[in-house]
Amino acid sequence: MRVLVVEDEANLADAIARGLRREGMAVDVAYDGSDGHEMAFVTRYDVVVLDRDLPGMHGDEICAALVSAGALTRVLMLTASGSVADRVEGLQLGADDYLPKPFDFTELVARVRALGRRATPATPPVLSVADLVLDQARHVVTRGGRPVELTRKEFGVLEELLKADGGVVSSEELLERVWDANADPFTTTVRVTMLTLRKKLGEPALIDTVVGAGYRIRVEETGP
């Protein structure tokens, strides 16, 4: 899942980003509204965690711009004010969810994950093919009933392949969805991650390489 955090309190923004990365998400950060607006329209994010009171460009304006552009990105709006009137106003602007500060981080993670699952096309919380099961909410993978220990990036790559439901996913798309803006587009990191992921998943192989195009899951092996 790719997330953008737009928050002018640098310590809070960095803390949110670190926490979400520990949960396996690819996270970019903007410290003012102008940068946040530009980043939100350059990269397709699943979720934008958006502070409402921002310098440069107000969070309300960013939210309204995303909605008017028909963006698929879900918006979780943050604010220091927790009044009912403010929550209602934020939702009326087009925000998908609203969280007053201070907040519990576990609640923030749960809300971000829930919004990510509502991205188009919608995906169920548990993805499976053949004897492989990936639980997005619990961040657990099993094959044949046995746990498979994956790194955050391996989990993210497998999650994107399963979401594609047999469709081909290119290395460029995986870099965009699983890694953040600091990833080198010319690196071999996707290929290396794919090698270790295949090894951990074992046999029979479930991931095919489509020469010149990318990778896909063998959905035809799904049971009845």
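Helices α2 and α3 run roughly parallel to each other, and this pair makes a handy way into the fold. (Roughly parallel means an angle under 35 degrees; over 145 is roughly antiparallel, 65 to 115 roughly perpendicular, and the rest oblique.) Bear in mind that this is a predicted model, where local features need pLDDT of at least 70 and side-chain atom pairs count only at pLDDT 80 or more, while totals for chains, interfaces and linings use all residues. Residues are numbered from 1 along each chain as its sequence is written, and side-chain values use heavy atoms, with hydrogens and water left out.

**The overall picture**

The protein has 8 helices and 11 strands. Helices here are DSSP runs of H or I with at least four residues, strands are runs of E with at least two, and both are numbered from the N terminus. Of its 224 residues, 45% count as buried; buried means under 20% relative accessible area, exposed means over 50%, and partly exposed is in between, with a 1.4 Å probe and protein chains only. Take the contacts with a separation of 6 or more: 57% of them come from residues 24 or more positions apart. A contact means heavy atoms within 4.5 Å.

**Two helix pairs**

Back to that opening pair. Helix α2 covers residues 33–42, α3 covers residues 59–68, and they pack at about 15° with their axes 10 Å apart. The axes are lines fitted to C-alpha atoms, over the stretch in contact for helices, and the angles run from 0 to 180 degrees between N-to-C directions. Their crossing is right-handed, meaning that the near helix is turned clockwise from the far one by less than a right angle, with anticlockwise being left-handed. On the α2 side, Gly33, His37, Ala40 and Phe41 do the touching, and they meet Ile62, Ala65 and Leu66 in α3. By class, that contact has 5 nonpolar residues, 2 polar ones and no charged ones. (Nonpolar covers Ala, Val, Leu, Ile, Met, Phe, Trp, Tyr, Cys and Pro; charged covers Asp, Glu, Lys and Arg; the others, Gly among them, are polar.)

Now look at α6 and α8, whose axes come within 10 Å and cross at roughly 80°. That makes α6 roughly perpendicular to α8. Lys153, Glu154, Val157, Leu158 and Leu161 in α6 meet Thr193, Met194, Thr196, Leu197, Lys200 and Leu201 in α8. This contact splits into 6 nonpolar, 2 polar and 3 charged residues.

**What sits inside**

A nonpolar core is a set of buried Ala, Val, Leu, Ile, Met, Phe, Trp, Tyr and Cys residues joined through side-chain atoms within 4.5 Å. The largest one has 25 residues, and Val141, Val157, Leu158, Leu161, Met194, Leu197 and Ile207 touch the most other members. Elements giving two or more residues to this core are β6, β7, α6, α7, α8 and β11 (214–217). The biggest giver is α6, with 5 residues.

Which residues does leucine 158 contact, leaving aside neighbours within four places in sequence? They are Leu132, Leu134, Val141, Leu150, Leu197, Leu201 and Ile217.

Helix α7 has its own hidden side: Leu174, Leu175, Arg177 and Val178 are buried. Among the elements covering them are β1 (2–6), β2 (26–30), α6, α8 and β11.

Two cis peptide bonds turn up. One joins lysine 101 and proline 102, with omega about -5°, and proline 102 is in the loop between β5 (97–100) and α5 (105–117). The other joins glutamate 203 and proline 204, again with omega about -5°; proline 204 lies in the loop between α8 (189–201) and β10 (207–210).

Two residues other than glycine have a positive phi. Alanine 130 has phi near 50° and sits in the loop between β6 (126–129) and β7 (132–135). Aspartate 165 has phi near 55° and belongs to the loop between α6 (152–163) and α7 (171–178).

**Some single residues**

| Residue | Class | Relative accessible area |
|---|---|---|
| Threonine 43 | buried | 18% |
| Alanine 130 | partly exposed | 33% |
| Aspartate 35 | partly exposed | 38% |
| Aspartate 165 | exposed | 61% |

Threonine 43 is in the loop between α2 and β3 (47–51). Leaving aside neighbours within four places in sequence, threonine 43 contacts Arg2 and Glu176. Aspartate 35 is part of helix α2, and its C-alpha atom is 8.6 Å from that of methionine 57, 22 residues apart along the chain.
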